[in-house]
Amino acid sequence: MRPTLDPSTTGRPNLAEQVYARLKAELNDFQLVPGDRFSEAELGQRLGVSRTPVREALFRLRNEGFLDVEAKSGWSVRPIDFGRLEQLYDLRVILELAAVAKLCGHTGAPSPELESLKAIWLVPAAERLSDAREVGQLDEAFHATLVRAAGNAEMARVHWDVTEQIRIIRHLDFTRGHRIEATYAEHGKILRAVMQRKVEQAQLLLRSHVEQSKAEVRKITLATLHEARERSRSP
């Protein structure tokens with residue numbers, strides 16, 4: 001059972017942020033899936049907070065495209081918009097290919113950020129992680145680091161906005177064991193090509209890697225999300 005929030009921390013604005021973070025985590029961890037319905041009162045009781053910070057958090061999530069609200073039926077988790085997800089993946093590819101081109105064009109020693117990725121992804125098979133949640137977080141960090149290391153802060157900001165919006169689907173991808181092993185292998189190849197400044201090879205590998213994740217998105221059904229929720233609840 002998840003603990004309630006602490007209303008005594010630093011006031012209502014911080015409490016609304018806590019509610020927002022909790023609900024966003026529940027969406028990303030499949031505790032809340034498309035079609036789930038709830039009221040502000042129910043949610044406030046579950047989290048142990050008043051309706052005001054709950055409402056602020058809910059409207060923020062609605063504005064981000066995660067929730068819907070109707071006067072009579074209350075709040076619900078919005079169905080996944082697969083067309084929009086494909087567009088976000090296309091934007092992600094454009095940003096990451098541009099970042100790889102900039103990285104391969106750099107002179108001098110590789111950046112410390114790229115060096116830090118070697119310790120995570122260029123390791124023997126016996127040292128690889130197998131926990132889906134951990135690998136999913138590392139995968140997200142790998143791509144964010146590539147873009148950030150390119151040195152364009154605005155590019156990195158837009159890329160992170162895209163990452164936030166596709167996170168739930170990326171996490172679902174890592175509920176499949178074979179995708180974990182594939183990710184280690186693919187990240188290793190991309191990283192080696194970038195550090196060797198082989199721009200065409202790095203971009204080809206990166207595009208293939210992201211397109212594979214995009215293909216997995218097309219296989220997702222509501223039943224898949226409910227299965228993921230049941231697995232997340234298992235001891």
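Tutor: Just after helix 2, G48 takes a positive phi of about 75 degrees; keep in mind that the model is predicted. Now go back into the helix itself. Helix 2 runs over residues 40-47, and its buried residues are E40, L43, G44 and L47. Because these residues cover an arc of only 100 degrees around the axis, they lie on the same side of helix 2.

Strand 2 is residues 67-70 and strand 3 is residues 74-77, and the two pair in the antiparallel sense over 4 bridges. With 3 residues between them, strand 2 and strand 3 form a hairpin. In this pairing, E70 stands opposite G74 in strand 3.

A search of the whole structure finds 2 cavities of 30 Å³ or more, and the largest cavity has a volume of about 50 Å³. Y89, R92, D139, R170, D173, F174, R179, T183, H209 and S213 line the largest cavity. Helix 4 (82-105), helix 7 (153-173), helix 8 (177-195) and helix 9 (199-217) are the elements that give two or more residues to this lining. By kind, the lining residues of the largest cavity divide into 5 charged, 3 polar and 2 nonpolar.

Note on methods: Residues are numbered from 1 along each chain as its sequence is written. This is a predicted model: local features need pLDDT of at least 70, side-chain atom pairs count only at pLDDT 80 or more; totals for chains, interfaces and linings use all residues. Side-chain values use heavy atoms; hydrogens and water are left out. Buried means under 20% relative accessible area, exposed over 50%, partly exposed in between (1.4 Å probe, protein chains only). The arc is that of the directions from the helix axis to the C-beta atoms. On a 1 Å grid over the protein atoms alone, a cavity is a set of points where a 1.4 Å probe fits but cannot get out, and a pocket is an open set with protein on both sides within 12 Å along at least five of seven lines; lining residues have an atom within 4 Å of a point. Grid points are joined across faces, edges and corners, and a volume is the space filled by probe spheres set on the points. Ala, Val, Leu, Ile, Met, Phe, Trp, Tyr, Cys and Pro count as nonpolar, Asp, Glu, Lys and Arg as charged, and the others, Gly among them, as polar. Two strands pair if DSSP finds at least two bridges between them.
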